[in-house]
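Please read it with the structure in view.

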Amino acid sequence: MGSPVVLGIESSCDETGAGIVQEGRLLGHAVASSMDEHARYGGVVPEIAARAHVHAVRPVVERALDEAGLRLTDIGAVAVTTGPGLSGALQVGLAGAKGLAYALGVPLYGVHHLAGHVAADTLEHGPLPNPCMVLIVSGGHTSLLLVRDLARDPIVHLGDTLDDAAGECFDKVARVFGLPYPGGPAIDRAARTGDPHAVPFPHPLPGSYDFSFSGLKTAAARWAESHAGAGLPVADGAASLQEAIADVLTRKAVAACVERGVGTLVVVGGVAANSRVRALAEERCRAAGLTLRVPPLRLCTDNGAMIAAVGDLLVRAGAAPAPLDVSIDPSAPLEYAALHPRAMAGAAA
């Protein structure tokens with residue numbers, strides 16, 4: 001008898017995702033996004049996101065089951081994002097997952113959202129090499145990690161976001177440039193006709209593995225202000241901003257691989273969908289003799305498949321399931337893939 005079928009539920013921000021994984025194979029997944037409802041505000045509104053999750057959880061689970069050709073009773077374990085993320089949004093997903101696990105009589109696993117991004121790559125390229133270097137680049141997080149056994153070992157942080165993450169920089173500068181939300185895809189589109197060397201934007205923290213994009217954001221805003229009334233060359237600004245971010249991300253990641261003697265770089269998260277980040281990572285990995293792994297675009301942004309992938313790894317590793325009083329941790333640091341915070345323990349702290 002094989003490993004159980006794992007249902008994963010993701011609700012940390014504005015996407016409601018459900019995925020079904022068994023023994024490393026993605027059987028089905030579905031995503032519902034409330035992004036259009038947030039676009040008029042230029043960013044995610046937590047209350048709107050939480051309400052959208054309430055309406056979307058059941059339909060996305062049903063769609064994922066339909067795609068997999070399975071029934072709810074075929075599920076042998078449930079995994080859910082317990083942090084980090086928006087508090088109300090996380091609560092909705094956890095409540096749904098607890099209800100399903102209880103009704104089915106199956107174990108529940110709390111999963112760290114960023115570990116989900118790491119595991120997403122396994123659904124396309126198979127098990128992660130041990131060790132591998134992982135660059136997580138998402139809306140609120142930019143981290144450079146040394147990963148060994150994702151289900152069992154602690155995750156080693158070589159560098160992290162000190163202020164604005166790369167995704168935040170894209171979103172905030174896009175607004176200054178008059179581009180629509182979400183800013184990352186909008187910058188990517190605008191950059192196609194621009195000159196990436198037109199504007200000498202700073203490439204922050206060249207001597208460190210940490211990341212800081214606040215200064216770059218400010219420089220882009222000042223540059224835009226300097227063109228007030230004179231017609232802003234958006235394409236050049238977008239291309240130059242994108243080049244600065246892609247250069248910093250890929251230069252540090254490749255340098256870390258070389259320094260640590262790690263032969264594989266895995267780039268994950270929403271910003272991993274950026275065309276220049278992907279192209280420059282490929283170019284620099286090839287020059288350094290490194291293997292590059294990047295998930296397909298559909299698995300870069302938030303989704304339930306990545307949470308199911310972590311749950312599947314935890315089940316197969318014999319990890320203990322979450323306690324019945326598992327809670328959420330909206331600001332949880334990434335230490336292990338499993339995240340089982342407890343409400344009473346958090347209150348006592």
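1. The model is predicted, not experimental, and the remarks here should be read as remarks on a predicted model.

2. Start with helix 2 (residues 46–68) and helix 3 (residues 87–104). The two pack at an angle of about 15°, and their axes are 8 Å apart. An angle under 35 degrees counts as roughly parallel, and helix 2 and helix 3 are therefore described as roughly parallel to each other. Their crossing is right-handed.

3. Which residues make the contact between helix 2 and helix 3? From helix 2 come Ala 50, His 53, Val 54 and Val 57; on the side of helix 3 they meet Gly 88, Ala 89 and Val 92. By type, the residues of this contact are five nonpolar and two polar, with no charged residue.

4. Next, the aromatic residues. A pair of aromatic rings is described by the distance of the centres and the angle of the planes. The structure holds three aromatic pairs. One of them joins Phe 201 and Trp 223: the ring centres are 6.0 Å apart and the planes stand at 85°, so the pair is edge-to-face. Phe 201 belongs to the loop between helix 7 and helix 8, whereas Trp 223 is in helix 8, so the pair ties together parts that are 22 residues apart in sequence. Phe 201 and Trp 223 are both buried.

5. Another aromatic pair is formed by Phe 211 and Phe 213. Here the rings are stacked, with 6.4 Å from centre to centre and 15° between the planes. Phe 211 and Phe 213 are both buried.

6. Last, Ala 198. This residue is found in the loop between helix 7 (183–191) and helix 8 (214–226). Is Ala 198 buried, exposed or partly exposed? Its relative accessibility is 36%, so Ala 198 counts as partly exposed.

7. What does Ala 198 touch, once its neighbours within four places in sequence are left aside? The contacts of Ala 198 are then with Asp 236 and Ser 240. A further distance concerns Ala 235, which is 37 residues from Ala 198 along the chain: the C-alpha atoms of Ala 198 and Ala 235 are separated by 9.7 Å.

How values were computed. Residues are numbered from 1 along each chain as its sequence is written. This is a predicted model: local features need pLDDT of at least 70, side-chain atom pairs count only at pLDDT 80 or more; totals for chains, interfaces and linings use all residues. Side-chain values use heavy atoms; hydrogens and water are left out. Helices (H or I, at least four residues) and strands (E, at least two) are DSSP runs, numbered from the N terminus. Buried means under 20% relative accessible area, exposed over 50%, partly exposed in between (1.4 Å probe, protein chains only). Contact means heavy atoms within 4.5 Å. Axes are lines fitted to C-alpha atoms, for helices over the stretch in contact, and angles run from 0 to 180 degrees between N-to-C directions. Angles under 35 degrees count as roughly parallel, over 145 as roughly antiparallel, 65 to 115 as roughly perpendicular and the rest as oblique. A crossing is left-handed if the near helix is turned anticlockwise from the far one by less than a right angle, and right-handed if clockwise. Ala, Val, Leu, Ile, Met, Phe, Trp, Tyr, Cys and Pro count as nonpolar, Asp, Glu, Lys and Arg as charged, and the others, Gly among them, as polar. Rings of Phe, Tyr and Trp (its six-membered ring) pair if their centres lie within 6.5 Å; planes under 30 degrees apart count as stacked, over 60 as edge-to-face and the rest as tilted.
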